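Please open the structure in your viewer and keep the selection tool at hand. The tour moves from one stop to the next, and at each stop you will be told what to select and what is to be found there.

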Amino acid sequence: MDELLADFIAETREMLDASSGEIVAWEANPSDTERLDTIFRFVHTVKGNCGFFDFPRLEKLSHAAEDALSECRAGRRTPDSALVSAVLAIIDRISAMTDAIEAGEEFPEGGDEPLIAALNPQEPDEFVHRRADSEQEDTAASGAISVEIADTSDDTTKSSRANAVQRSIRLPVDLLDEVMKGVSDMVLARNDLARRLRDAGEQPTIDGPFERLSTILADVRSSITRMRMQRLEHLFSSLPRLVRDLSNELGKQVMVDFEGGEVELDREMIEMVRDPLTHIIRNAIDHGIESPGDRLHKGKREIGLMRFSARQAGNQISLVVTDDGRGLDIERIAAKAVSAGIHTKAEVDAMSDRRKQHLIFAPGLSTADQVSSVSGRGVGMDVVRANIEKVGGSIDLTSKPGQGTSFHIKLPLTLSIIAALTVGAGRQRYAIPRSYVEEIVFGSNANVDFAEAGERRLVTFRGKRVPCLSLGAILGIEDNADVIWEERTLVLIRLASDDVFALAVDRVYDHEDVVVKPIAPAVMETRLYAGTTLLDDGRPMMLLDMPSIAATHQLVSERGTTNVVEEEKVEHRRRTVPIMLFAGLDGRRRAARLDLVRRIDTISREAIDIEGNRAQAVIDGAIFSLVGLEFGELPQDRCRLLRLSDGESELVYAVSEVLDASEMEGDIVTVEGDPLIEGVTLIEGQTVPVIDGHALFARHRAPQRLDHPMSCRIPEASEWARTILGPLVEAAGYRIAGERDDSADVAIVFERHEETEQLPAARNVIRLRQEPEAGPEMPDTIYRYDRDSLLAALKQVRLGKMAGGKTA
Amino acid sequence: MNELLLMCMIAGRRAAIPASQVQSVIEIDEITPIPGTPGFVRGLTALRSQALTVIDCPVALGLESSGEVSDQRAAVVDVGGHLYALLVDEAYDVGEARSEATAVPGGFGSGWQHASLGMVETDGGPALVIDVVTLVAGPVAEAA
């Protein structure tokens, strides 16, 4: 089709959508000149555009409507219901003609004149004349007035230009997709480059610009994504017309109220939710909102209200549609469900009110007593829900008898990007849409129980018994019989039908937002996959089609309900933290995060030195601060110690017994009073204090534990050095250098009057002198009983080493 | 008829793919298998940020698989909005057909017959013109 013509059609459509809402609002408030202007501009534009093309009928219609509207703008005519209906009829006709033009069809002849005549039943002829006269300004009725009108019209044009919020152009979606693809390519290339840069090590000259490139790319990516976005206003603007037509048809009065029209949504998504939304509106007006008489009788306002509010929260849009009608009649719905054979009486009786309300989403349930022209046409709320879930959204409802009903719809921000959980099976990764993922548990978890019923593997978790399938078996790459279930990770999947089953996967990787692309028909036929997406490294990954997999394995109960699901459940996905359970010296159970525990040591009592507040243990020639003594006495012979590490330093924690490695599933409840306890958690129903690694290391900051403790050479010949000096040096965190050490980090020597002996090989030397007073011939020496100075000197050496320098 | 054709070798036979349908010829690097798919679908490979469905042409023709495919060449075609990589033994130049596509008495063998548009004469000898749409649909006719 001619590009110009395509633009004409697109523009006409867009304006149609926008003005149908305006026209209803205008009817409600005829003095609202702004609305009138919008509608006027629409017909005016259509008329103007027709000048470029040969559409005489379109031009005639729009011209007629324009004339009638300009009468109103001039204040010479008050819009009444008849006029509004007539203008609407013309707009409808324009819309139908536009469709025909787009399809390249001939629009059936005739029928235009009555429409035009309906605009002004009193003096139809006058308009015909006027139409012939008008060239540019559309309102050449009679001299004096025409001037006045022309002025107004000019003003409007000016103000409309000034009000133009955004300049915009139309783009083909293909081109947008192309650009998006390009940006995705760039992101992949960037990831590749990032990996190579990481491998090559830090390169300050490259890392900076690379960071900048990454930031720019992220910005570009987000603005490209925004290009697909459209304000919800677009959708909202078409709703008042729908509400007006429906309420007229059903003899009701309904107002609409919008909030959050500025929220943006993927253009395609807007089209996808249009139908479900229409259905909800139909239901609300047909079943929900009472007739004006009923409403007055109930003490409500005569006019019903439908409220639409949209809000963006992170990657989601929530859309709430509320009516102030009579609310859902849950008893009637329940009765219907029983009579339709969806549930038994007993099942329904056992349901909570909330669950009964949700029955309206059950397939095959209609509460309409008779099929009206508006609702009850076989398309039920189950289809609405299915459609919303198809685009990755969800729908929920709340209803109060006599006060109204609210539908809460949640939608992902865009159609093409979905939140997914990536899992592994058979050395491949697969993505599962996050909306289906209920919870993730380890097969080894104590709360998980496996059982078999016939060929079916079942898993019991949190009191529910659900079928369990291995992803590998579903994909045909392993046999269910070979699966060691306890070693798998279970992903609990909840389907739209509320059916739950467990999917056993090799491992769970990550939560990711993935861009989903369609797959080839031959792959689609497997009924296993819903699409494909690319991993960060550019490799493709399949997106699993959970509903289809469930259907293939008969996991969906026929009536769309299930008896394994608990009601009103509030569950949070928990991340389990591995911990080690141990008994302190007082025999009480405590827990430490497993990350903190480097190893478990058993040493003899003699290797532990306690004096006053100082407690130390020597393990493999290294000295560690010892904690945990406040709880009780150390055993007489052998002591069990947990060696804790914060990554840099280490300390040991005295315990009486190491109990078990476990998983902390619940939260840690903080407690006050003991600063060395992070909090208390529940393990197998009992409270267990969890030790606070951070606080322990903060308090007992052990000397930095290097892989090889620093060595110190002391005069071997001297008994004083061996018995007095040696332990002091060790307590300071040094190892006494032996004969095999070629060179020590530090050597301690006795300063003698004459320098006869050769100095031992060492990077640092500390000289000790016999006398308390340093004589002039012995500078830089330390009195050998000056403990503080000696320790300070040793510390100085250690600090020098840690700083990386050799203080030779 | 002087339609441009991508000359290639499939299962040891000279074949030709209409060049207008070929977007590019790529070298297959790595294939992500898709469990559950019929044998002629080897898996997915990525071309820039697009995923291509890799078709094992011999299997699609009802012949023996081409086996190991690393570094093998593939012709990228678009069928119904989906991109496919058709694995070929060799891909030569683009050439012109010297004759109309014709049938030969007795056919070309069932697989070839199913997925080819006929035989054309080319500078390098006769070649079968591949019907890409039928090829990517797989040997369903026989299987069903």
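**First stop: an enclosed space**

Begin in chain A by selecting A:E630, A:F631, A:Y653, A:D674, A:L676, A:I677, A:I691 and A:L696, which together line the second largest cavity. Please bear in mind throughout that you are looking at a predicted model. This cavity has a volume of about 50 Å³, and if you colour its lining by class, you will find six nonpolar residues, no polar ones and two charged ones. How many cavities of 30 Å³ or more does a search of the whole structure find? The search finds three.

Next, select A:R614, A:A615, A:Q616, A:S625 and A:A731, which, of the 38 residues that line the second largest pocket, are the closest to its centre. The volume of this pocket is about 860 Å³.

**Third stop: a charged pair**

Side chains of opposite charge can pair when their charged atoms come close. For an example, select A:R241 and A:D92, which form a salt bridge whose closest N and O atoms are 2.8 Å apart. The pair links distant parts of the chain, since A:R241 belongs to helix α11 (residues 239-250) of chain A and A:D92 to helix α4 (residues 81-103) of chain A, with 149 residues separating them. Over all chains, a search of the whole structure finds 23 salt bridges.

**Last stop: where two chains meet**

Finally, show chain B together with chain A, and select the contact, to which chain B gives 21 residues and chain A gives 24 residues. Between them the two chains bury about 1,700 Å², 66% of it on carbon and sulfur atoms. On the side of chain B that touches chain A, the elements that give two or more residues are β4 (41-47), β5 (50-56) and β7 (82-88) of chain B, and β4(B) gives the most, with four residues. By class, this side of chain B has 11 nonpolar, eight polar and two charged residues. Across the interface of chain B and chain A, zero salt bridges are found, while two residue pairs are in polar contact.

How values were computed: Residues numbered from 1 in each chain as written. Chains lettered and ligands numbered in written order. Predicted model: local features only at pLDDT ≥ 70, side-chain atom pairs only at ≥ 80, totals over all residues. Heavy atoms only, no water. Contact = heavy atoms within 4.5 Å. Buried area = accessible area lost by both parts, 1.4 Å probe. Salt bridge = Lys/Arg side-chain N within 4 Å of Asp/Glu carboxyl O. Polar contact = N/O pair within 3.5 Å; in protein donor to acceptor, adjacent residues only side chain to side chain. Nonpolar A, V, L, I, M, F, W, Y, C, P; charged D, E, K, R; others polar. 1 Å grid on protein atoms, 1.4 Å probe; cavity = no way out; pocket = protein on both sides within 12 Å on 5 of 7 lines; lining within 4 Å. Points joined across faces, edges and corners; volume = space filled by probe spheres on them.
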